[in-house]
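Work through the exercises below with the model open. Each task is followed by a stepwise solution.

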Amino acid sequence: MPAPLRAIVTLGPTHEPMDEVRFVGNRSSGRMGCEIAAELQRRGCHVTALAGPCQPAGLDSLPEVVRFRTAEELRAALTSRWPSADLLVMAAAVADWRPVEVQA
């Protein structure tokens with residue numbers, strides 16, 4: 001029997017900080033990515049969910065959840081995990097912009 005496919009699913013928004021209080025982001029709930037991850041798991045895949053700042057129903061039932069906040073953190077998580085995966089589903093709603101400088 002072949003080994004199960006290793007899938008990565010990104011989900012939820014990114015929050016790009018402007019200062020200690022504000023951020024550029026969106027209202028992505030992460031539900032679609034969570035549903036995709038759950039279905040892949042039901043079909044026998046080993047799933048790693050890369051989840052932004054959201055808490056969709058069912059996220060806690062996934063076997064491996066790696067949290068990120070910013071697009072850069074998501075990039076780092078993907079860079080380290082993608083080489084060993086078979087499948088990548090990019091459902092996260094990554095912010096289109098980030099401030100050049102974060103105010104302290």
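**Exercise 1.** In this predicted model, find which backbone nitrogen the side chain of E16 reaches.

Solution. 
- Start at strand 2, residues 16–17, where E16 sits.
- Follow the E16 side chain to the backbone nitrogen of A71, at 2.7 Å.
- Then list the surroundings. Leaving out residues up to four places away in sequence, E16 touches F23, V24, T70, A71, A95, W97, R98 and P99.

**Exercise 2.** Decide whether E16 is buried or exposed, and find the nearest side chain of opposite charge.

Solution. 
- E16 is buried.
- The nearest oppositely charged side chain is R98, 5.0 Å away.
- A salt bridge needs a nitrogen–oxygen pair within 4 Å. E16 has no salt bridge.

**Exercise 3.** How many salt bridges does the whole structure hold? Examine the ones described below.

Solution. 
- The search returns five.
- Take E72 and R75. Their side chains meet at 2.5 Å, N to O.
- Both belong to helix 2 (residues 71–81), three residues apart, or about one turn.
- E72 is partly exposed at 37% relative accessibility. R75 is also partly exposed, at 44%.
- Salt bridges with shared partners link E39, R42 and R43 into one network.
- R43 pairs with E39 at 2.7 Å.
- R42 and E39 are three residues apart in helix 1 (residues 31–42), so about one helical turn separates them.
- Check accessibility. R42 is exposed at 58%, R43 is exposed at 66%, and E39 is partly exposed at 29%.

Note on methods:
Residues numbered from 1 in each chain as written. Predicted model: local features only at pLDDT ≥ 70, side-chain atom pairs only at ≥ 80, totals over all residues. Heavy atoms only, no water. Helix = DSSP H or I, 4+ residues; strand = E, 2+ residues; numbered from the N terminus. Buried < 20%, exposed > 50% of the residue type's maximum accessible area, 1.4 Å probe, protein only. Lys, Arg positive; Asp, Glu negative; His and termini not counted. Polar contact = N/O pair within 3.5 Å; in protein donor to acceptor, adjacent residues only side chain to side chain. Contact = heavy atoms within 4.5 Å.
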